[in-house]
Amino acid sequence: MSKRRINKVAVIGSGIMGSGIACHFANIGVDVLLLDIVPRELNENEKAKGLTLENKIVRNRIVNDSLQGALKSKPSPIYHQKFANRITTGNLEDDIAKVKDVDWIIEVVVERLDIKKQVFENLEKHRTPGTLITSNTSGIPIKFMSEGRSDDFQKHFCGTHFFNPARYLKLFEIIPGPKTDSDVLDFLNNYGEQFLGKTSVVAKDTPAFIGNRIGIFGIQSLFHQVKELGLTIEEVDKLTGPVIGRPKSATFRTVDVVGLDTLVHVANGIYDNCPNDEAHELFKLPDFINTMMENKWLGSKTGQGFYKKVKDDKGQSDILSLDLDTLEYRPKKRAQFATLELTKTIDKVIDRFPILASGKDKAGEFYRKNFAAMFAYVSNRIPEISDDLYKIDDAMKAGFGWEHGPFQIWDAVGVEKGLELIKAEGHQVADWVNDMLASGSKSFYSVKDGATYFYDIPSKTQTKIPGQDAFIILDNIRKSNEVFKNSGVVIEDLGDGILNCEFQSKMNTIGGDVLAGLNKAVDLAEKDFEGLVIGNQAANFSVGANIGMIFMMAAEQEYDELNMAIKYFQDTMMRMRYSSIPTVAAPHGMALGGGCELSMHADKVVAAAETYIGLVEFGVGVIPGGGGSKEMALRASDTFRKGDVELNVLQEYFLTIGMAKVSTSAYEAFDLGILQKGKDIIVVNKDRQIATAKAHAKLLADAGYTKPVKRTDVKVLGKQALGMFLVGTDSMEASNYISEHDHKIANKLAYVMAGGDLSEPTMVSEQYLLDLEREAFLSLCTERKTLERIQHMLKTGKPLRN
């Protein structure tokens with residue numbers, strides 16, 4: 001059998017979901033044909049232009065308007081706007097024959113079986129045999145959709161359920177039909193993970209599949225509990241947000257964003273189609289939900305839902321909350337619970353669950369009820385919706401943004417303790433859980449030789465989760481492979497002569513202990529290993545230097561100590577570049593300030609596609625002081641040689657820092673000069689990132705890596721550039737575009753990037769620029785307004801413009 005490759009896909013239906021899927025295929029380099037229906041009547045604009053229904057602009061209006069709307073939406077569905085050129089639009093009458101040239105057809109039309117069957121009938125007339133054809137349905141049984149189609153169609157047909165937004169949510173449910181070829185399922189499972197960057201989960205053809213069946217149960221359960229326990233919506237959102245590893249939008253804000261009507265549609269589908277579900281009555285909508293539906297309080301799309309944004313008399317925005325008893329909006333109330341206070345010192349979410357479940361207040365009661373209901377429900381869904389418990393956890397983590405799945409949470413609480421909670425709340429657990437304990441397995445998961453195992457119900461043994469060989473899971477090797485540890489980092493042996501330096505500080509900020517750990521990692525690698533990866537699997541790579549430490553030193557006027565601390569930071573960054581072993585940085589999530597500087601000084605960057613990277617120091621009143629200002633001057637100098645107008649090139653790099661630009665994807669970081677074409681690479685699946693970074697460190701080592709020679713050939717433009725910058729910053733302040741303090745910071749940066757006030761263009765060393773950078777940084781730390789900005793950032797997490 002020849003190897004299947006996906007070079008071109010057709011997406012049928014260009015609504016929010018269809019356009020999002022089209023954009024994500026374009027993100028990974030695939031050509032996309034996006035088709036939708038032909039309008040039946042002209043709009044006012046078309047009438048004014050004298051167009052007819054036969055005009056191509058009119059015939060493609062629906063698809064083009066939908067795609068343009070998606071491309072303008074925030075957060076963006078596309079890694080880089082130029083990737084939209086990979087999408088060709090058309091309509092289902094003039095262009096349907098073009099599907100003969102694609103490798104995969106994905107149907108994303110309205111959720112009505114009759115319409116879907118009609119679309120498939122038309123597609124089959126033009127589809128080339130052997131072409132994959134799938135439906136993005138969120139709940140219509142797959143077996144009904146392929147009825148009456150040819151054998152070849154049915155063999156290559158299944159459900160492929162993306163979660164919205166397709167770029168950001170990782171769950172990719174694959175639902176086989178009655179005749180789907182096993183090779184097709186294997187291909188899609190691998191393609192979703194390797195190419196689309198998804199967590200692929202093969203689900204059974206049951207109502208709402210896995211993610212929505214469990215997710216909607218969880219939300220419906222909360223809808224009923226909120227009244228029973230007398231909780232406000234703010235309290236529920238406080239209890240179901242980041243404290244338990246869920247998104248900030250928690251429960252009610254998430255429903256507002258998704259749309260109450262969407263949730264109601266899925267809940268009704270489960271209620272109607274799962275009469276034997278032991279929690280059947282729970283899917284019945286409470287009265288307050290029915291009232292909200294009647295009032296069209298659907299959330300963001302209608303301007304109000306559980307929350308409502310209003311403007312006060314002064315034009316200031318305010319958010320009101322819905323009182324579920326009176327169904328009237330009122331000012332938001334602050335939610336506080338003693339149980340949550342007990343978890344504030346516990347950084348790892350997984351370690352909080354036992355404390356939350358034993359709370360003595362209303363929060364503790366809420367968690368006991370919530371966990372008991374969820375644990376019982378997921379145990380009873382096996383084997384109905386999945387044979388393997390890890391697939392349920394994978395679906396909830398990837399589809400709903402949970403940090404831990406239900407069975408992982410149950411393990412954290414303790415399996416036996418979970419059974420006590422279930423019994424106390426009057427729920428029934430599935431027999432297999434007691435069988436597991438009787439068999440000697442005391443947990444749903446275990447770790448052996450760096451791999452995760454799960455309890456396999458039929459064999460009653462701990463079985464290795466398949467597909468892990470492409471991953472390195474740091475949680476699984478941290479203890480067994482630890483080479484060194486301090487309060488800031490853990491250094492692990494990844495095998496094959498490669499070390500990893502994993503930050504462990506709060507938000508992965510870079511302070512003295514992290515810098516000491518980085519130096520130790522280079523020492524160890526140079527002595528006994530072949531290469532070094534700097535990577536972690538937290539939510540963010542690093543939010544930058546520890547500004548609290550900088551604030552303390554500056555406020556106490558300990559300038560000698562601050563000078564030494566900044567020099568230590570600079571020297572550590574230079575050590576990343578000038579050591580006798582290759583260094584590979586693996587940024588993901590936020591890589592800001594010092595996290596960006598570290599990445600820029602590594603020999604290679606293996607960035608996750610979802611990397612938001614930039615030099616943001618202007619926001620706290622300083623310039624990049626860990627080598628970032630120097631590095632931008634150096635990169636501008638390297639670009640000079642390519643024949644560009646030198647002042648224009650330098651200005652671009654200057655503005656990247658001066659405007660605190662942050663990429664909205666790793667691909668945009670190439671435009672900012674932070675990532676470098678031909679050297680740095682991007683991985684779409686973050687789970688593969690550490691393994692990929694390790695492979696590249698090994699490749700560099702095996703190729704005969706030699707310590708680079710320090711640069712003394714950085715071309716700076718001196719007074720010529722400095723004059724241009726100063727004129728620009730003067731006019732920006734005069735126009736009230738920047739504040740007086742911004743003006744001062746910009747002039748300091750200008751001085752560094754121009755190489756000082758040299759009378760003519762000159763070749764200088766990196767160290768010369770580092771000294772200028774450090775001097776400028778320190779002088780800004782003596783400014784009262786800088787201290788005010790740092791203090792404001794520490795308090796609020798937001799920059800202050802003063």
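**Exercise 1. Against which helices do the buried residues of α27 pack?**

Some ground first. This is a predicted model, where local features need pLDDT of at least 70, side-chain atom pairs count only at pLDDT 80 or more, and totals for chains, interfaces and linings use all residues. Residues are numbered from 1 along each chain as its sequence is written, and side-chain values use heavy atoms, with hydrogens and water left out.

*Solution.* 
1. Locate the helix. α27 covers residues 646-658. Helices (H or I, at least four residues) and strands (E, at least two) are DSSP runs, numbered from the N terminus.
2. Check its length. α27 has 13 residues and spans 18 Å from first C-alpha to last, close to the 18 Å expected at 1.5 Å a residue. The expected span is 1.5 Å times one less than the number of residues.
3. List its buried residues: V649, L650, Y653, F654, T656, I657 and G658. Buried means under 20% relative accessible area, exposed over 50%, partly exposed in between (1.4 Å probe, protein chains only).
4. Recall the helix geometry. An α-helix has 3.6 residues a turn, so residues three or four places apart point the same way.
5. Find the partners. The buried residues of α27 pack against α26 (628-640), α30 (719-734) and α31 (740-753). Contact means heavy atoms within 4.5 Å.
6. Look past the end. A660 follows α27 and has a positive phi, near 50°.

**Exercise 2. Describe the lining of the second largest pocket.**

*Solution.* 
1. Name the elements. α23 (547-555), α24 (559-577), β20 (589-592), α25 (594-601) and α33 (784-796) each supply at least two lining residues. α23 gives the most, with 4 residues.
2. Sort by type. The lining divides into 24 nonpolar, 11 polar and 5 charged residues. Ala, Val, Leu, Ile, Met, Phe, Trp, Tyr, Cys and Pro count as nonpolar, Asp, Glu, Lys and Arg as charged, and the others, Gly among them, as polar.
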